[in-house]
Amino acid sequence: MADLTLFNSLTRSLEAFAPIHPGEARVYSCGPTVYNYQHVGNMRAYVFADTLGRALSFKGYKLTHVVNITDVGHLTSDADAGDDKMEKAAASLGKSAWDIARHYQEAFEADLARLNVRKLAHPRATEYVEAMIEWAKAIEAKHCYRLDGGLYFDVSTVPEYGRLARASTDEGESRIDSVEGKRHAADFAIWRATPPGESRQMEWDSPWGRGAPGWHIECSVMSAELLGHPFDIHTGGIDHREIHHPNEIAQNQAHACGPDTGARIWMHNNFLVDRRGKMSKSTGEFLTLQSLVDRGYHPLAYRLMCLQAHYRSELEFTWEGLGAALVRLKRMVMAVEKLKADMAVSKQPEGSFPLSEQELALFDDAISADLATPEVLTALEGVLSNKKMPAAKRIQLVRIADDLLGLNLLELTRGDLRIDPADAPIAQDEIDRLIARRKQARAEKDFAASDAIRDELAAKGVEVMDGDALGWEWKL
Ligand code: AMP
Ligand code: ZN
């Protein structure tokens, strides 16, 4: 097998993956803030993390993967000022912050399942507040100072603060709101004391007053508790390369009393953008996975759309692009359906032929080259269209590709991929019933009846597509 190379944002270079614990891979991915639904840009980050996890499993590593849930502490500014997003959402919806967190976490997990992201445990930040307080106590004397607002981290106390952010540090710092009394613009809150006379729904007692932890401390503490420091790979969206991850690194170094950054490899997925730029929760069209499903698209078409781009490239979301991904997925599903039929005819079950070294390497070379999923897809399509290879063998390779890419090609049917908008004027089974009746009429050469059915469908917005190359029988 090829060596797995991954792009490490810390060194800005490709590095061969060398696990800290032989045979194991430990991965931490910054999870969502659960004060709202996730948009499809957020979901790109988790499709990426899942693809990394699948690649590590494919390479034979025993994987431990954590995606946490930020149910406390994330402020409206990326640094340490602004309103608490959870508290704000709670106030505007008239619900408890705890209920809100639970509701949006459930919605997030449902989206992960629809995208065929492998199931993981999702520990919540609120379950680790005691450990965060202990961590803060351990680093306080050498690295922190107190302000009215709580406990702040002095970034000049660790070596090479912000190395991960590099050239973008200026841009990063310009986004940090100033807080009276901070020693450096980049200093950040470890503990946010509740202002006198106010109260928060989510608050805890601490040596720095009643309050809530800062956002960055949660990931240092949870990764240490759940994976042990140092661990192998830390992931997040590329925005985290500028502030959140440099701050995590600073805390990790303070706690380790040395230069160790906590994770060896830091990986970042690029943004999903639309015409207006980065898709974000506050600006632009707020596209959720559900809104794609409501327009009739199967969630795995979005997963394929993500995999068609390299994770380090920007990906532009357009409806045309999503439609093209859906058509591509459908082509693959149809090819697999044909393979299954061929296998039944040849009576050669899966596993009849051992795979050669070369065949086993088909996907390995691409995925090992920093997760080159576009090339894995091309290799897969090569297998699907390779008429010289027995169907039983091709199906075996499809199974490997399914494990690696999570496209579920062996289970999906053409019918699953039909564009089926929530507000369609007519139900799918009704259409299928009419199409079947029309087929029968045509078989009986009763063209009057067949035309009548076509007109009836047209009146309901359904176009019948005879002889369509992709096998669609109708479209809306
Ligand atoms: P948040 O809940 O805002 O912390 O975001 C959750 C994850 O989604 C983080 O890893 C972000 O970096 C990532 N993310 C946010 N917006 C986008 C986007 N437009 N494209 C890709 N990833 C994103
Ligand atoms: Zn994080």
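The model is predicted. The protein chain has 15 helices and 15 strands. Of its 476 residues, 54% are buried. Along the principal axes, the C-alpha atoms fill a box of roughly 90 × 55 × 35 Å.

- C219 counts as buried because its relative accessibility is 1%, under the 20% cut-off.
- H244 is also buried, with a relative accessible area of 1%.

**Ligand 1 site**

- The shell around ligand 1 holds 19 residues.
- The closest of them are T33, G237, D239, L272 and M279.
- By class, the shell has 6 nonpolar, 10 polar and 3 charged residues.
- Helix α1 (40-58) and strand β9 (231-237) each supply at least two shell residues.
- The largest share, 4 residues, comes from α1.
- A polar backbone atom of T33 sits 3.0 Å from an oxygen atom of ligand 1.
- N42 places a polar side-chain atom 3.1 Å from an oxygen atom of ligand 1.
- L272 has a backbone N or O atom 2.8 Å from a nitrogen atom of ligand 1.
- Taken alone, ligand 1 exposes 490 Å², and the protein buries 95% of that.

**Aromatic pairs**

- The structure holds 11 aromatic pairs.
- One of them joins Y46 and F108, with ring centres 5.1 Å apart.
- The ring planes of Y46 and F108 meet at 75°, so the pair is edge-to-face; the cut-off for that class is over 60 degrees.
- Y46 lies in helix α1 and F108 in helix α3 (residues 97-114), so the pair ties together parts that are 62 residues apart in sequence.
- Both Y46 and F108 are buried.
- The rings of Y297 and W319 have their centres 5.7 Å apart and their planes at 35°, so this pair is tilted.
- Y297 sits in the loop between α8 (289-294) and α9 (299-307), while W319 is in helix α10 (residues 319-346), so the pair ties together parts that are 22 residues apart in sequence.
- Y297 counts as buried at 13% relative accessibility.
- W319 counts as buried at 18% relative accessibility.
- Y297 and W319 form one aromatic cluster with F317.

**Backbone features**

- Most residues other than glycine have a negative phi, and most peptide bonds are trans.
- The peptide bond between H229 and P230 is cis, with omega about -5°.
- P230 lies in the loop between α6 and β9.
- E160 is not a glycine, yet its phi is positive, near 50°.
- E160 lies in the loop between β6 (150-153) and α5 (169-174).
- At 58% relative accessibility, E160 counts as exposed.
- L371, also not a glycine, has a positive phi of about 60°.
- L371 lies in the loop between α11 and α12 (373-384).
- L371 is buried, with a relative accessible area of 2%.

**Sequence and space**

- Q38 lies in the loop between β3 (24-29) and α1.
- Q38 is buried, with a relative accessible area of 3%.
- Q38 and S280 are 242 residues apart along the chain, and their C-alpha atoms are separated by 9.4 Å.
- E359 is placed in helix α11 (residues 357-368).
- E359 counts as buried at 13% relative accessibility.
- E359 and N68 are 291 residues apart in sequence, and 37 Å apart in space from C-alpha to C-alpha.

Notes:
Residues numbered from 1 in each chain as written. Chains lettered and ligands numbered in written order. Predicted model: local features only at pLDDT ≥ 70, side-chain atom pairs only at ≥ 80, totals over all residues. Heavy atoms only, no water. Buried < 20%, exposed > 50% of the residue type's maximum accessible area, 1.4 Å probe, protein only. Near = heavy atom within 4 Å. Polar contact = N/O pair within 3.5 Å; in protein donor to acceptor, adjacent residues only side chain to side chain. Areas by Shrake-Rupley, 256 points an atom, 1.4 Å probe, with all protein chains shown as cover. Nonpolar A, V, L, I, M, F, W, Y, C, P; charged D, E, K, R; others polar. Phe/Tyr/Trp six-rings, centres within 6.5 Å; stacked < 30°, edge-to-face > 60°.
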